[in-house]
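Visitor: Let us go through this model together. I will ask what stands behind each label.

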Amino acid sequence: MSSGWIVLLPLLAPLAAAAAGLLAWRAPRIQAALGIVGAGAQLAAGLGLLQQVLREGVQAVQLGSWPAPFGITFAADLLGAVMVVVTGVIGLAVTVYSLADIDPGRRAFAYFPLVQVLLAGVAGAFLTGDIFNLYVCFEVLLMASFVLLALGGERAQMAGALTYVTLNLVSSALFLAGVGLTYGITRSLNMAELHLRLGVVAESRPELVLALAGLFFVAFGIKAAVFPLYTWLPASYHTPPVAVSALLAGLLTKVGVYALIRVLTLVFPPLPGVGTFLLAVASLTMVFGVLGAVAMFETRRILSFHIVSQIGYMVMGLALVGSDSPAVRAAGLAAAVLYIVHHIIVKANLFLVSGIAARLGGSFQLARVGGLAAAAPWLALLFLIPAGSLAGVPPLSGFWAKLAVVRAGLAGEAWWTVAAALGAGLLTVLSMVKIWTEAFWKPAPDTATPPPPAARWRLALLAAPSLGLAALTVAIGLYPRPLYELARRAAEQLLAPSNYVAAVGVATAHDSARGDGKGGQ
Amino acid sequence: MELLLAVVVGGLYASGLYLMLRRSLVKLLLGLVLLGHAANLLIFSAGGVVRGEAPLVAPGEITPPPGAADPLPQALILTAIVIGFAVVSFAAVLARRVFEVTGTDDPAAMENGS
């Protein structure tokens, strides 16, 4: 457990960069440099952590050297480590993109340190082993995202930020209430210990545990943007600068999905009916998200609705943990993990590319742009890779992710949800084709007002992160086996929480703590 | 005492949600504040309301006396109050800024402003 400090590094690196950046308040250039260093360090630390977890299993560290249920636990299993690595990738890509995308006004108000705070909060949420700390990490990343969303103060931004802040605060209040009730019932907040205690409670008072699970589902469902709690997302994600949209779109809803996975596999015992319920939610999320996208004619709005629809696929994978067959449970969770990784990379990239397209074409409105395929063929290629991947065109990453989800769904005999997944996939192709024909293929309309050409260095800086993410998409597409193996092992670990519990070391501490009358009940 | 707290918490939730559904920025803000208070009081009552002793460990002992009050819910609430304070201050500044930029305090009227 002494080597466990590596668990904290992906959280501490961006936090340190943010703190140092705030000291350099009047020097945005230094802040930007620190941002690159912080995000890079987080990626490196994440990779180191992943390697350690692959080699030695779940890693855990207790702050303050108190034993498990009393100390503050941070723990990394494969899912957490993989998520941290993807966070690092997106953090680095978005920070580099921001160098060319973010205006001096926003930089002067600590844009780069805020991004680092957000990254630290996200990493903290993925690594914490304590449910109250999960709430704290959520608040940290939310606070950073609030400011990032509102920074700049444009009219559209204000209305979007208001919706976003309100709905997320309601979600946090529900989450906090859930945490309080959990403590009242179990006298514990440590997730590993909750796994042991809620299992006991569920035998005598199943309705209590089900109600708690419902509370957590609504709280995380708002954050993950599942049907019918998703309306805040398309109302706000298209309003800030594209770099911010990409960061939020790539990472934040997925933190909600992660929390759902963590809570339903580790904290709560298997509950009756949850699988069926989640399958219904997943189907509706996919269908409503994609239908919303069909009706939109603004690139960022289309992409925002697709986030919702794609969340449905992840929830579908998670829903299969309600299956009776262990093979289906493992296949479903593995598909969900694979889908999350693929989706984060592709969705962030699509936002980045849409930003470059708007910079060249002059607008996000599809009616006002055109001819980009002839004007910038390199950009067309850069768009086609993530767009094809999102739509599930082989051999890109999205094809394998969709295939894994659908195969798991077929094995779990979730016919309706599979039908919804295939239908939503078809409409996703339609949406991507819509952007392609409108922005890239049709001739530029007379009303188009292309802005003055951007400097070469600026375009290179914008294209480089997008190119890197596209390369990742292609690499996963051509050689999916390593990532799928990783997802499969992560799923196996999730389905055998005893490893996690043992690594946190709570079982022994729990036995010795029982005698001392902790909590008086 | 627990029954009273339960009624208070329920009342806070109900009035908070009602205020949030009104079409006014200020009431939205007040609603958020009430929701936060409701959650804090809920933790307090879920933690068990006992007229117990302070959980101080006597010299030579390793555990607090039996029947001592559980300090943890109060620590949680303290953290939640601090976070809530920061978040509500931000929301207040945002609401003011929204009013300045859009010129209205009706959230429904600013939807189509983009």
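**Labels and the values behind them**

Guide: This is a predicted model. Start with A:Leu127. Leaving out residues up to four places away in sequence, A:Leu127 touches A:Val7, A:Pro10, A:Leu49, A:Phe74, A:Ala75, A:Ala76 and A:Val84.

Visitor: What makes these residues contacts of A:Leu127?

Guide: Contact means heavy atoms within 4.5 Å. A:Val7, A:Pro10, A:Leu49, A:Phe74, A:Ala75, A:Ala76 and A:Val84 touch A:Leu127 in that sense.

Visitor: Why does A:Leu127 count as buried?

Guide: The limit for buried is under 20% relative accessible area. A:Leu127 has 0% relative accessibility, so A:Leu127 counts as buried. A:Leu127 lies in helix H5 of chain A, residues 111-127.

Visitor: How far apart are A:Leu127 and A:Tyr500 in sequence and in space?

Guide: They are 373 residues apart in sequence. C-alpha to C-alpha, A:Leu127 and A:Tyr500 are 12 Å apart.

Visitor: Is A:Ser431 buried or exposed, and how do you know?

Guide: Buried is under 20%, exposed over 50%. A:Ser431 has 1% relative accessibility and therefore counts as buried. A:Ser431 sits in helix H18 of chain A, residues 415-441. Neighbours within four places in sequence aside, A:Ser431 is in contact with A:Ala293, A:Val294, A:Ile302 and A:His306.

Visitor: And what is B:Leu3 called, buried or exposed?

Guide: B:Leu3 has a relative accessible area of 68%. The cut-off for exposed is over 50%, so B:Leu3 is exposed. B:Leu3 belongs to helix H1 of chain B, residues 2-21. B:Leu3 and B:Ser45 are 42 residues apart in sequence and 9.4 Å apart in space, C-alpha to C-alpha.

Visitor: What makes H6(A) and H7(A) roughly antiparallel?

Guide: Their axes come within 10 Å and cross at roughly 175°. Over 145 degrees counts as roughly antiparallel. H6(A) and H7(A) are therefore roughly antiparallel to each other. The contact includes A:Phe138 and A:Leu142 of H6(A), with A:Tyr164 and A:Asn168 among the residues of H7(A). Its residues divide into 18 nonpolar, 4 polar and 1 charged.

Visitor: Which elements give two or more residues to the lining of the second largest cavity?

Guide: The second largest cavity holds about 80 Å³ of space. Its lining includes A:Phe138, A:Leu142, A:Tyr164 and A:Asn168. H6, helix H7 (155-186) and helix H11 (242-267) of chain A each give two or more residues to this lining. It divides into 8 nonpolar, 2 polar and 1 charged.

Visitor: How many cavities of 30 Å³ or more are there?

Guide: The structure holds 4. The largest cavity has a volume of about 100 Å³. Closest to its centre, of 14 lining residues, are A:Thr299, A:Ser354, A:Ala357, A:Ala358 and A:Ala439. H14(A) provides the largest share of the lining, 4 residues. The classes are 11 nonpolar, 3 polar and no charged residues.

Visitor: What is the volume of the second largest pocket?

Guide: About 550 Å³. Of the 22 residues in the lining, A:His238, A:Thr239, A:Glu298, A:Arg300 and A:Phe364 are closest to the centre. H14(A) gives the most to this pocket's lining, 3 residues. The lining of the second largest pocket divides into 7 nonpolar, 7 polar and 8 charged.

Technical notes. Residues numbered from 1 in each chain as written. Chains lettered and ligands numbered in written order. Predicted model: local features only at pLDDT ≥ 70, side-chain atom pairs only at ≥ 80, totals over all residues. Heavy atoms only, no water. 1 Å grid on protein atoms, 1.4 Å probe; cavity = no way out; pocket = protein on both sides within 12 Å on 5 of 7 lines; lining within 4 Å. Points joined across faces, edges and corners; volume = space filled by probe spheres on them. Nonpolar A, V, L, I, M, F, W, Y, C, P; charged D, E, K, R; others polar. Buried < 20%, exposed > 50% of the residue type's maximum accessible area, 1.4 Å probe, protein only. Axes fitted to C-alpha atoms, helices over the stretch in contact; angles between N-to-C directions. Parallel < 35°, antiparallel > 145°, perpendicular 65-115°, else oblique.
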